[in-house]
Amino acid sequence: MARMTMIEAIQNAHDLAMERDRTVVAFGQDVGFFGGVFRCTAGLQKKYGKERCFDTPISELGIIGAAVGMAAYGLKPCVEIQFADYMYPAYDQIVSEAARLRYRSAGEFTCPLVVRMPTGGGIYGGQTHSQSPEALFAHVTGLKTVVPSTPADARGLLLSSIEDPDPVIFLEPKRLYNGPFDGHHDRPVVSWKKHDLGEVEPGYHPVPLGKAAIRRPGSALTVLAYGTMVHVALAAAEETGVDAEVIDLRTLLPLDLDTIVESVRKTGRCVIVHEATLTCGYGAELAALVQKNCFYSLEAPVVRVTGWDTPYPHAQEWDYFPGPTRVGRAMTQVLES
Amino acid sequence: MTKQATTARRGSRTAGRASNMKLDRPQIETLYATMRRIRAFEERTTELFHQGIVKGTAHSYIGEEAIAAGVCANLRPDDFIASYHRGHGHCIAKGAKLDRMMAELMGRETGYCRGLGGSMHIADMDLNILGANGIVGAAMPLSTGAALASKLRSGDQVTVAFFGDGASNQGVFHESMNLASVWKLPMLFVCENNQYALTTSYRNSTSVAQIATRAAGYEVPGVTIDGNDAVEVFLVVREAVERARRGEGPTLIECMTYRWGQHSMRANLPEPRPKDEYEAWIARDPIVVMEAAIDRDKAVPKKRMKEIGEEIETDLDAAVDFGQKSAEPTPEILPEAVYAPHAKWEEPGAASTKREISFVEALNEALHQEMGRDDSVFMMGEDVGATGGIFQVSKGLMDKYGRERVRDTPISEATFVGCGVGAAIAGMRPVVEIQIFDFVALTMDMLVNQAAKFRFMLGGKPTVPLVIRGPQGGGIRLAAQHSQSLEAWFAHVPGLVVVAPSTPYDAKGLLVAAIRDDNPVIFLEQKLLYLGQPGPVPEELYAIPLGKADVKREGKDVTVVATSSMVPRALAAAGLLEREGISVEVVDPRTIHPLDEETILASVKKTNRLVIAHEAWRRGGIGAEIASIVMEKAFDWLDAPIARVGATDNPMPYNDALERHTIPSQERIVEAIRGVLG
């Protein structure tokens with residue numbers, strides 16, 4: 001078993017997919033020559049040539065628009081938006097074109113497109129390099145939304161996303177690129193290379209979309225998390241001693257509701273954690289589903305722990321970020337109420 | 001290259017050679033001192049970054065100092081500039097204080113943005129610096145707005161939009177050039193062509209050899225000049241500024257230059273630039289170029305040049321000291337930094353009048369009366385002028401208030417919304433119509449990254465009094481891209497206010513409140529309501545407070561929280577169920593954000609059961625948020641799971657029956673009510 005960083009795992013997914021399927025192409029700003037600002041496409045241009053891995057102008061709308069057309073006519077583009085915060089100029093192409101193509105053409109055209117983008121804060125990126133926009137995608141019918149939390153998942157879910165016949169928004173928590181960051185920003189992050197969760201089995205192993213993973217079985221309460229917050233929740237469980245069942249959703253849409261409902265019916269309590277702002281975040285949808293499906297099992301209100309309802313502040317980055325202390329406090333609170 | 005640009009370029013070269021003759025000593029000294037000041041600031045910032053005192057990242061302007069110095073030396077304090085991620089130099093040249101800049105880079109309370117912005121968002125509204133910007137190209141639409149504001153006020157301020165070569169491939173560059181040309185806006189497009197967008201060479205990603213030639217497509221003068229010669233920049237910009245002040249419109253100036261460092265101070269990228277190219281440009285250091293000219297003409301005494309260097313070092317030491325001694329901001333400042341306070345209005349109530357008008361007429365009356373009351377209110381959008389908007393909401397406004405204040409725009413949604421943001425920041429109160437709200441997806445960056453964050457990024461000082469309004473929703477057979485209900489997107493974005501009236505009375509009073517509010521307001525008009533019955537609306541001007549729900553019908557067995565087009569359907573459902581002895585309370589939030597939780601919770605605590613109905617998709621809709629809030633705050637009062645009624649999980653179909661199937665009907669609301677009672 002090899003160990004990889006999430007960056008290497010994502011690069012490896014590209015490599016495996018491009019080697020196997022000539023219709024897979026990768027492009028975006030600084031993706032080709034340079035291999036991406038986070039190095040997720042390093043070496044691909046050299047190996048597969050400028051026709052299959054290339055740089056684009058700074059024109060997000062153009063990147064996605066071109067990819068939609070390529071996808072409609074038989075290619076499988078896997079494109080990078082340099083930071084999720086930069087996707088807004090392309091938002092129309094995503095929601096009005098990519099998400100609608102199958103529907104509008106009654107299935108005659110499909111849009112097998114992957115849009116990758118690094119999300120989340122924790123690198124002092126300020127308001128326009130730290131956002132977590134998943135709720136803006138999860139509300140749009142026709143899209144799938146994926147957020148990995150380990151290198152193996154990043155690779156496996158990206159392979160499935162590339163194989164998928166429909167557009168997939170693939171959100172990469174940038175704080176997890178190098179190691180399982182648990183929210184303790186004042187401590188060094190262990191590299192994936194030195195961590196058991198960094199193990200990735202060599203070869204082509206897709207991870208199915210729509211299947212959650214139970215990262216920590218428990219009986220006291222259920223934590224629903226994805227991306228960076230999975231590791232924060234695990235840290236919070238350990239530090240508080242609460243026997244939490246931590247569910248890593250892995251894909252937000254399609255959502256593995258069965259695993260969630262089974263767990264909450266067992267524990268009777270639920271905490272939802274995400275880094276995005278609270279109001280109308282994906283946590284609202286999860287809470288609404290949990291209360292609907294587990295109403296008679298719930299012994300306490302479902303609690304959401306999220307980023308504040310403000311832009312990502314430059315100075316108070318670590319207050320905004322729902323770290324293990326805040327998550328731990330919510331766990332204790334839900335147990336006591 | 002077009003003939004125009006070639007000629008201009010040749011002309012400017014001549015100007016460059018003769019340049020020193022035309023500048024007096026104080027001007028030369030200013031240019032020189034500004035460049036030195038920027039250089040020293042960036043060198044110090046780089047040191048602080050490597051020491052971990054400046055965090056995140058910062059983008060050094062070293063190598064490009066002549067442009068900021070040459071441009072800003074032509075500007076008055078009340079002229080506007082808007083910048084991009086490499087923005088320190090522009091701020092310094094426009095007169096920003098080094099100590100407050102340094103404090104901002106360190107994330108301190110005394111910084112220009114109280115530590116909320118950092119390097120990429122430094123701004124100073126007192127100097128009309130609209131700020132650096134983290135989104136490539138965004139400065140241009142904002143600048144069209146600032147320029148429009150001075151034009152509408154008959155002022156003679158000019159606005160300069162700085163941007164890099166990479167930004168000239170963004171759609172908003174082209175849209176902004178077109179808009180500025182069509183409206184003859186007093187502005188300059190200053191392209192700092194340092195030849196690499198991060199690592200991508202502009203020669204490999206741009207369709208023209210020189211970006212200035214793109215100006216020809218918009219009938220705007222375009223010139224390419226030596227961006228490392230401050231005197232040349234100064235002289236060429238002087239002409240363009242004079243031209244803009246005379247009301248003759250915009251100019252595109254492409255300044256060829258080179259950045260010495262990597263894209264950002266993180267400096268963790270492989271170097272794509274050839275060594276000989278790099279060395280040739282370093283040899284043309286703009287400060288050395290200037291020193292050679294000074295030396296040749298004995299323009300500034302050696303002693304004075306030495307003093308300049310010493311003064312800058314003293315200032316910088318003091319700035320670093322000031323930053324390090326300043327306090328960090330505390331989280332208490334955040335809420336007020338996100339939203340400006342909402343005014344408290346007394347509403348007259350719909351029962352106060354017998355006059356009935358339609359939803360559209362109510363909106364139209366609000367616009368007429370507010371434009372009459374306040375000169376800073378103006379309107380723009382596609383076909384809003386002579387046509388009066390495709391749904392006639394702006395009917396008659398152009399006849400009454402003229403073409404300056406009621407403006408037909410090109411079909412450039414991103415840019416005219418950005419123009420609205422810029423004009424609002426510059427003190428106007430724009431009302432921008434999105435013809436069909438689905439087109440708003442094209443403007444998301446301007447709404448999410450610009451309008452919503454502007455106040456916050458600048459430390460909570462500026463206001464953005466902007467209304468973005470238009471029709472949303474289905475019901476008139478316009479299919480998947482003309483029928484969506486999108487309020488949940490906006491409600492998820494801190495900094496935006498979201499309003500969705502359901503009656504003519506609410507429509508008028510809330511639109512008036514939206515126009516008067518100091519925040520960006522998304523004002524959603526459901527198309528089904530355009531077709532609805534007239535309702536009572538007072539003739540006099542009134543405003544309804546934002547964030548206040550209205551109980552449209554009282555009841556005791558179950559609460560229905562319905563928004564917009566679902567309010568009439570919920571009321572009809574309530575009427576039907578009354579015959580069976582079921583008493584339904586219908587609450588209309590009216591404002592989606594801020595949400596009147598108090599009224600909703602009070603109702604649920606009375607009825608113990610809740611149904612939420614909206615026309616948008618159920619998944620991820622505002623109903624999810626309301627359900628979560630009620631469950632968190634009224635858990636012990638709930639006797640049944642909360643039910644949500646929303647559109648089925650598909651885009652809007654064109655077929656009539658399928659459209660009716662998709663949009664929640666009265667029957668579906670009835671069914672949900674029975675469900676929570678069962």
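**Figure 1. A look at the residue classes around the largest cavity of this predicted model.** Sorted by class, ten nonpolar, six polar and two charged residues make up the lining of the largest cavity. That lining has 18 residues, and those nearest the centre of the cavity are A:Gln131, A:Ser132, A:Thr277, B:His492 and B:Pro494. Two elements each give two or more residues to the lining: β13 (270-277) of chain A and α17 (444-457) of chain B. If you follow β13(A) through the view, you are tracing the element that gives the most to this lining, with three residues. The space inside the largest cavity comes to about 210 Å³. For context, the structure holds twelve cavities of 30 Å³ or more.

**Figure 2. The largest pocket and its lining.** The elements that supply two or more lining residues are both strands of chain B, namely β2 (159-164) and β4 (196-197). By class, the lining of the largest pocket is made up of 21 nonpolar, 20 polar and nine charged residues.

**Figure 3. The contact of chain B with chain A.** In this view, 80 residues of chain B and 72 residues of chain A take part in the contact. Together the two chains bury about 6,400 Å², and 63% of that area is on carbon and sulfur atoms. How many salt bridges are there between chain B and chain A? The count is three. A salt bridge to look for joins the side chains of B:Arg644 and A:Glu285, with an N to O distance of 2.8 Å.

**Figure 4. Two domains of chain A side by side.** Chain A is divided into domain 1, which covers residues 2-200, and domain 2, which covers residues 213-336. Their C-alpha centres are 25 Å apart. Domain 1 of chain A brings 36 residues to the contact, and domain 2 of chain A brings 29. Between them the two domains bury about 2,600 Å², with 62% of it on carbon and sulfur atoms. Which residues of domain 1 of chain A lose the most area to domain 2 of chain A? They are A:Tyr124, A:Glu134 and A:Val147, which together account for 20% of what the domain 1 side buries.

**Figure 5. Salt bridges in chain A, close up.** Let us begin with A:Asp153 and A:Arg215, which form a salt bridge whose closest N and O atoms are 2.6 Å apart. Across the interface of domain 1 and domain 2 of chain A, two salt bridges are found. Another pair to pick out is A:Lys47 and A:Glu19, whose side chains meet in a salt bridge at 3.8 Å, N to O. A:Lys47 sits in helix α2 (residues 44-48) of chain A and A:Glu19 in helix α1 (residues 6-20) of chain A, so this pair ties together parts that are 28 residues apart in sequence. Over all chains, the structure holds 65 salt bridges.

Note on methods:
Residues are numbered from 1 along each chain as its sequence is written. Chains are lettered from A and ligands numbered from 1 in the order in which they are written. This is a predicted model: local features need pLDDT of at least 70, side-chain atom pairs count only at pLDDT 80 or more; totals for chains, interfaces and linings use all residues. Side-chain values use heavy atoms; hydrogens and water are left out. On a 1 Å grid over the protein atoms alone, a cavity is a set of points where a 1.4 Å probe fits but cannot get out, and a pocket is an open set with protein on both sides within 12 Å along at least five of seven lines; lining residues have an atom within 4 Å of a point. Helices (H or I, at least four residues) and strands (E, at least two) are DSSP runs, numbered from the N terminus. Ala, Val, Leu, Ile, Met, Phe, Trp, Tyr, Cys and Pro count as nonpolar, Asp, Glu, Lys and Arg as charged, and the others, Gly among them, as polar. Domain bounds come from an automatic or database domain assignment. Contact means heavy atoms within 4.5 Å. Buried area is the accessible area (1.4 Å probe) that two parts lose on being put together, summed over both. A salt bridge is a side-chain nitrogen of Lys or Arg within 4 Å of a carboxyl oxygen of Asp or Glu. Grid points are joined across faces, edges and corners, and a volume is the space filled by probe spheres set on the points.
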